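Have a look at the model first, then read on.

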Protein chains: 2
Amino acid sequence: MQNQERLDRMRRAMEAERLDALALRLPENVLLLSGFWPMIGASVLVFPREGRPVCAIPHCYEYEASLALWEAEAAYFRYGVLDAPEPGSAIRDILAAAARGKGWRRVGYEADFEVVAPSWNSGEAQVPAARTREIYRAAFERAELVDVSSLLQVQRRRKTAYEIAKIRIASEISTIGLEAFERLAIAGRSGVELAAEVEREIMARGTGHLGAFRVRAYAQVATGPDETAVGYRPNEVSTLRRLERGDVALLELGVVADGYWADRTRVRVAGEPTEDQSKVFDTVRRAQAAAAAAIRPGVSGAEVDEAARSIIRDAGYGAYFPHITGHGVGFGYHESMPKLAPGETGALEEGMVTSVEPGVYFKPCGGFRIEDDVLVTASGSETFGPFRNSLT
Amino acid sequence: MQNQERLDRMRRAMEAERLDALALRLPENVLLLSGFWPMIGASVLVFPREGRPVCAIPHCYEYEASLALWEAEAAYFRYGVLDAPEPGSAIRDILAAAARGKGWRRVGYEADFEVVAPSWNSGEAQVPAARTREIYRAAFERAELVDVSSLLQVQRRRKTAYEIAKIRIASEISTIGLEAFERLAIAGRSGVELAAEVEREIMARGTGHLGAFRVRAYAQVATGPDETAVGYRPNEVSTLRRLERGDVALLELGVVADGYWADRTRVRVAGEPTEDQSKVFDTVRRAQAAAAAAIRPGVSGAEVDEAARSIIRDAGYGAYFPHITGHGVGFGYHESMPKLAPGETGALEEGMVTSVEPGVYFKPCGGFRIEDDVLVTASGSETFGPFRNSLT
């Protein structure tokens with residue numbers, strides 16, 4: 001099944017911008033328009049407004065690409081072996097052949113990305129930099145190169161039915177990790193052990209689940225007041241510190257299933273929570289539920305944020321919720337649109353997917369955050385991969 | 001302890017290139033010259049030829065940075081919270097303040113990197129793209145911006161004593177995964193399970209080992225002739241396929257410990273190997289030992305490659321060893337220098353670290369590769385993280 005709605009939408013956007021073709025190398029964008037999530041970041045997709053796309057792919061990943069590609073023609077080049085040409089020249093030749101005789105005047109490419117979702121091989125990102133631009137320059141010799149980073153972000157903000165189904169799967173798989181965390185977050189365990197176990201369970205049990213072919217998790221578990229209430233940080237750091245009775249454990253979890261992402265957070269207390277901890281947890285849970293309930297097309301990011309923030313403020317914890325309520329998610333762990341934050345006047349639209357993640361952080365109570373990914377539906381919202389929230 | 005030799009060497013290289021300062025954002029290069037391996041890729045290091053470096057760092061990672069930084073002054077900016085400035089403007093202001101009154105004429109930056117070692121948060125790379133260049137342009141208004149990607153690669157090829165100690169630790173930690181693989185690669189296990197378990201053991205048992213603070217592994221396990229002898233691919237793909245008796249299992253393993261890398265490969269047969277399998281394994285093992293024994297300063301990459309290749313050729317498997325014998329490793333999973341390959345006439349130098357990884361791949365025998373990381377010493381070589389090679 002191909003994601004026709006995405007291809008149609010992108011071609012309309014290209015028409016509006018008078019773009020004849022796109023040349024894309026970031027794995028997330030190759031996936032977006034070809035269906036193939038590159039094993040390593042060496043694949044380049046040429047996506048013309050008219051005609052069949054061509055995807056330059058290392059020959060050693062022919063099997064995986066052939067299973068995944070929609071309409072794009074695969075152009076395999078020998079890679080990583082002694083008789084392979086220099087990859088840049090192989091890609092240049094494929095791109096030039098795709099462009100030959102087409103008279104393209106404007107070709108879009110990725111110049112301003114900064115934040116990158118990795119390929120399957122997350123230990124080594126490959127990204128388009130100066131050399132890739134030279135390759136495009138040589139391959140599309142008569143065309144103007146146009147940075148489409150922003151266009152791609154805007155187009156990506158509303159997910160198609162195909163993409164929604166894929167992102168939902170990533171969230172469903174993430175619940176394997178939430179369940180493991182719930183089961184294992186007991187006194188005596190270290191943050192490192194918990195994070196490693198959550199990652200293992202998601203990879204081992206999530207692969208193959210709901211048809212997912214490649215699954216990987218990035219878990220961080222902070223424990224105790226000093227680590228969890230450091231203020232707030234986008235990514236926790238798991239350490240050897242062992243959970244003590246009464247400590248908070250906070251799991252920050254990114255999960256990728258075939259290139260589509262989920263972003264979840266859960267918090268537990270080892271043993272008996274204090275009255276303060278229970279009250280904070282209950283407040284955060286109510287704030288999250290209120291934000292999710294406020295989500296529907298036409299509502300602004302600020303309104304959803306305020307739905308959560310007002311509950312936290314009313315409970316007396318306003319000063320301890322220092323971050324935004326949510327961000328786009330799906331083609332990456334974090335996307336720039338939408339944004340649930342004070343001052344965000346833009347309206348939510350059907351098909352957007354956003355994290356909803358209020359949090360309260362202070363000592364000695366600890367840091368408490370709950371995060372789920374929520375789809376904006378025609379009439380309201382759907383929380384992906386539903387999973388309980390319980391402190392103990 | 002600071003890596004003074006690295007700082008001195010880099011300043012000499014900057015003098016030769018008439019560079020007044022460097023502005024570096026790739027996590028691997030921030031680590032190289034500051035001692036701090038960024039938690040996320042939002043830190044930028046200004047490294048002047050004369051005077052004290054300044055590192056712009058998100059405030060929420062102050063604790064980790066303060067433990068790690070050598071001579072650089074930390075300039076923390078609020079990040080990820082509601083009252084934070086736009087990160088670009090915060091970084092620009094810090095850079096501009098560092099440059100003020102210095103009269104810098106040439107500032108080096110990273111334009112042509114393509115292959116990137118991730119930050120600790122490998123689920124989301126942050127890299128310098130068009131926007132970062134604009135920030136540099138604004139901060140260093142009177143200076144010429146010079147791409148130093150190649151200079152950095154060249155400087156990085158020879159590791160200092162400090163760096164060698166760190167890379168050795170990553171290799172030592174990788175043996176935890178090699179041991180787990182050896183123990184678990186039995187009939188009935190899937191590639192995904194083996195990879196997940198190897199990663200978990202390295203993270204859970206490797207963190208804290210030999211003083212490593214943050215440890216992560218990227219494991220891939222291919223099983224059976226179709227997956228292991230697909231030809232050759234730089235990164236395997238773990239699947240749900242279960243090892244059958246007589247099957248090969250091949251582990252490709254990247255390990256990062258505080259920003260320094262190891263790259264290892266081991267191969268096992270579940271049950272009793274065939275005569276062919278034993279012969280191939282023995283050939284690859286002898287080839288690897290011969291290449292390691294050939295390594296010393298002054299020898300060319302081609303000579304080391306030939307030491308391995310000739311043994312494989314003489315055994316009749318020459319056509320089944322399609323890739324190079326080794327590549328640089330240490331600041332990333334793969335580095336461009338040195339290269340052990342036919343035609344590589346450049347001499348090895350003391351302080352280089354290279355993988356040594358001959359392999360033979362054909363069906364129905366399967367794919368066999370053995371890989372260790374080897375240091376070029378004054379008089380010969382040292383294999384890091386020694387660990388046995390046994391097929392069963």
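In which sense do strand E10 and E11 of chain B pair, and over how many bridges? Strand E10(B), residues 248-257, pairs with E11(B) in the antiparallel sense over 10 bridges. Pairing here takes at least two DSSP bridges between two strands. Within this pair, Gly254(B) stands opposite Asp263(B) of E11(B).

A word on the ground rules: this is a predicted model, where local features need pLDDT of at least 70, side-chain atom pairs count only at pLDDT 80 or more, and totals for chains, interfaces and linings use all residues. Residues are numbered from 1 along each chain as its sequence is written, chains are lettered from A and ligands numbered from 1 in the order in which they are written, and side-chain values use heavy atoms, leaving out hydrogens and water.

Zooming out, the open sheet has 3 strands in the order E9-E10-E11 (chain B), with antiparallel pairing. Strands E9 (215-223) and E11 (260-269) of chain B are the edges, each pairing on one side only. From one strand to the next, the twist averages 15°.

Now the helices (DSSP runs of H or I, at least four residues; strands are E, at least two). Contact means heavy atoms within 4.5 Å, and angles run from 0 to 180 degrees between N-to-C directions of axes fitted to C-alpha atoms, for helices over the stretch in contact.

| Helix | Lies across | Angle |
|---|---|---|
| H7(B), residues 161-184 | E9, E10 and E11 of chain B | about 25° to E11(B) |
| H8(B), residues 191-206 | E9 and E10 of chain B | about 160° to E9(B) |

H8(B) is mostly covered, with 13 of its 16 residues buried (under 20% relative accessible area, 1.4 Å probe, protein chains only). After H8(B) comes Gly208(B), with a positive phi near 90°.

Conventions. Buried means under 20% relative accessible area, exposed over 50%, partly exposed in between (1.4 Å probe, protein chains only).
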